Amino acid sequence: MKRINVYIISMAVAICGLIACDDAFMERVPKTSITAAGFFKSVADLELYVNGLYGLLPSGSFEDYGSDNVTIRLNTEPYSSLLYGRRSPDNIGEWDLWGSLRSVNLMLTHMDDVTGDEAEIKHYEGIARYYRAHIYNLLVQKYSDVPWYDQVIETSDEEMLYKTQDPRATVVENLMADYEFAVANIKPDMGNRTRIHKYAALAELSRFALYEGTYRKYHSELNLASTANQFLQRAVSASEEIMNSGQFELTGKGASELVEGTGILGSEGFRALFSSLKLGDNREMILWAEYGFTPYTRRHRADDLMVMTTNLYSMSRSLLESFLTKDGKPFSSVAGYATKTYAEVFADRDPRLAETVAYPGIYEESPTGLQTYHVTVPGRGGYDQCKFFSRNQASEAKSTDNTGQFTSLPVYRYGEILLNYAEAKAELGQLDAAAIGRSINQLRGRVNMPDFNAAAEVDDALKALYPGVSDVNILAIRRERRVELAGEGLRQFDIYRWGAGKLYEAVTSKQGIYVPQLPYVYDVTGDGTPDIGIATNASTHTADEVIWYDLDDSDITFYLENGTSGYIRNIGDNDRKFEEPKYYYLPIPKAQIVLNPNLKQPYGW
């Protein structure tokens, strides 16, 4: 078969790619479907096999790269290739989850061979079906229509090997059935919350149901809007089951001034969600990725965000201005908000801002108490991400060569569930005071922010981001979601499901800090002494012992919008285009179409 090298992958190779080839497991795992029937006999076999699949778990995220929350420097992939029209079926990758799917289906097709306690058998079957649903969840997000396979396809089965895509509605119906089976049969025992349990499956169901309901509502090319509400209702009920379980709560309540006399507010409890080595005792965690824990092959380097000068982005002005003032008003209500400098924008804001973006005076403390102050890098835009940066070396792990800083990652956390619940309620027109009180107001209360008041919080800037939305509750919830979840890898997911791709073209998503004139010096450590300066050239420097960035230097990667003043912009990042609906989908690689001519490109490709 021409396609054998793409889809029919041996069991040994598929599992090896998932779990770094655990020798004990590989000695027992069947290498072909011929011997698989002799392997799946007992509950212990199922447990062993499922342990080998843990590399399929979502592993959390520490960045919003590829969204309007961050600036994008020229020639950074894969998002610049999309926004500048360089992506095509000829150069695209992806289409690479089929080996993992086969590994899951191999187990599921042999469930009838297993004997033992029925509840135990269904528990492990539920975990396998969670994995299959998760794989198809990712495929639907990328391609919409994809071939549905619920069995192991052999090389002799040409009809299945060369089938075309199944409609999105069919695929989603099947994957929802897998999620529902998982929720109904996986045990609720959470252990230390690093392994799949009932509530983790519910959290994924809550996330996907919200995704699919809003995607169908806001994407007319699907012609599925009439079915959107059933998914939104399931997002509500899945979220409510978690909320009513009594197993989870928001942790670390309170806010305080971070740098004396500046009015910069922060929340150490909120920070602890993202800057800790151990999260098993944190009751907000539904599932978390433990640093150094074998199944999680992805880990984050928080120092990439704060220390390394090669970092590819900073947070955008668009994100910065989404954070309300400490009294619950839009930032646009502050006099002169549009021309406030880096040293000014953090004062009297929602405490989550200073826990997301590095403020003047932020530092890392060594185990001996030595404080090293962070100096922002204007070449990236100037707003460095501090979310996930531990700020204390005693609460982080070092790489073996001592060059990387690591902490553990939330995968599903209770705060997101509250947001899923509130948004689905708003989309259904059911967001009443009771729903607000048990969701968004809980998030606000954690950081001492005023209660949710959509009418007072929706300004013209927010309306401009989502011109097709008039409901102030929906608009204000989108702002709240952006603020609460910034840097956690969900912003692109949200932009796509809302059909809001034009956000990539918005000028505020390309802007960094404001520079009022040249030359200009900044005190970015809060000690009263200038640290960095921006000038036209060296002849205009106004201070010594300052890190100067001269715009006429050939190595400089940024410019000011008005020449000698304005917002920092990355050179070359001007003509972003987001073509709708085409860019909401990935093209299928041309090589795959050659192998299987029955595959059809998604919308616009």
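Colleague: Which residues in H5 meet which residues in H7?

Modeller: Leu46, Tyr49 and Val50 in H5 meet Ser103, Leu106 and Met107 in H7. The residues of this contact divide into five nonpolar, one polar and no charged. Bear in mind that the model is predicted.

Colleague: How is the packing of H5 and H7 described, by what angle and how far apart are the axes?

Modeller: The general idea first. Two packed helices are described by the angle between their axes and the distance between the axes. In this structure, helix H5 (residues 43-51) packs against H7 at an angle of about 175°, and their axes are 11 Å apart. An angle over 145 degrees counts as roughly antiparallel, so H5 is roughly antiparallel to H7.

Colleague: What are the crossing angle and the axis distance for H7 and H8?

Modeller: The axes of helix H7 (residues 98-108) and helix H8 (residues 118-143) cross at roughly 155° and come within 10 Å. H7 is therefore roughly antiparallel to H8. The crossing of H7 and H8 is left-handed.

Colleague: Which residues meet where H7 touches H8?

Modeller: From H7 come Trp98, Ser100, Leu101, Val104, Asn105, Met107 and Leu108. From H8 come Tyr124, Glu125, Ala128, Arg129, Tyr131, Arg132, Ile135, Tyr136 and Leu139. The residues of this contact divide into 11 nonpolar, two polar and three charged. Met107 is one of the H7 residues that meet H8, and Met107 is also among the residues that meet H5.

Colleague: Now the strands. In what order do S10, S11 and S12 lie, and what is the sense of the pairing?

Modeller: Strands of a sheet pair through backbone hydrogen bonds, either parallel or antiparallel. Here three strands form an open sheet in the order S10-S11-S12, with mixed pairing. S10 and S12 are the edge strands, each pairing on one side only. From one strand to the next the twist averages 20°.

Colleague: How many bridges join S10 to S11, and how many join S11 to S12?

Modeller: Strand S10 (residues 520-522) is joined to S11 by three bridges, and the two run antiparallel. Tyrosine 520 has isoleucine 534 as its bridge partner in S11. On the S12 side, four bridges join S11 to strand S12 (residues 547-550), and these run parallel. There, glycine 533 stands opposite tryptophan 548, and alanine 535 stands opposite aspartate 550.

Colleague: Which residues of S11 point one way, and which the other way?

Modeller: In a regular strand the side chains alternate between the two faces of the sheet. Strand S11 covers residues 532-535: Ile532 and Ile534 point one way, Gly533 and Ala535 the other way. Are they buried or exposed? All are buried.

Colleague: What is the order of the sheet that holds S9, S13 and S14?

Modeller: That open sheet has three strands in the order S9-S14-S13, and the pairing is antiparallel. Its edge strands are S9 (511-515) and S13 (558-560), each of which pairs on one side only. The twist averages 30° from one strand to the next. Three bridges join S13 to strand S14 (residues 566-570). Tyrosine 559 has arginine 569 as its bridge partner in S14.

Colleague: How many residues of S8 are buried?

Modeller: Five of the five residues of strand S8 (residues 409-413) are buried, which leaves the strand mostly covered. S8 pairs with strand S3 (residues 285-289) in the antiparallel sense over four bridges. Arginine 413 in S8 is the bridge partner of methionine 285.

Colleague: Is aspartate 494 buried or exposed?

Modeller: Buried means under 20% relative accessible area. Aspartate 494 has a relative accessible area of 3%, so this residue is buried. Aspartate 494 is found in helix H23 (residues 491-497). In sequence, aspartate 494 and arginine 478 are 16 residues apart; in space they are 8.8 Å apart, C-alpha to C-alpha.

Colleague: And for the whole protein, how many helices and strands are there, and what share of the residues is buried?

Modeller: The secondary structure comes to 24 helices and 14 strands. Of the 605 residues, 59% count as buried. Among contacts with a separation of 6 or more, residues 24 or more positions apart account for 71%.

Definitions and conventions
Residues are numbered from 1 along each chain as its sequence is written. This is a predicted model: local features need pLDDT of at least 70, side-chain atom pairs count only at pLDDT 80 or more; totals for chains, interfaces and linings use all residues. Side-chain values use heavy atoms; hydrogens and water are left out. Axes are lines fitted to C-alpha atoms, for helices over the stretch in contact, and angles run from 0 to 180 degrees between N-to-C directions. Angles under 35 degrees count as roughly parallel, over 145 as roughly antiparallel, 65 to 115 as roughly perpendicular and the rest as oblique. A crossing is left-handed if the near helix is turned anticlockwise from the far one by less than a right angle, and right-handed if clockwise. Contact means heavy atoms within 4.5 Å. Ala, Val, Leu, Ile, Met, Phe, Trp, Tyr, Cys and Pro count as nonpolar, Asp, Glu, Lys and Arg as charged, and the others, Gly among them, as polar. Buried means under 20% relative accessible area, exposed over 50%, partly exposed in between (1.4 Å probe, protein chains only). Two strands pair if DSSP finds at least two bridges between them.
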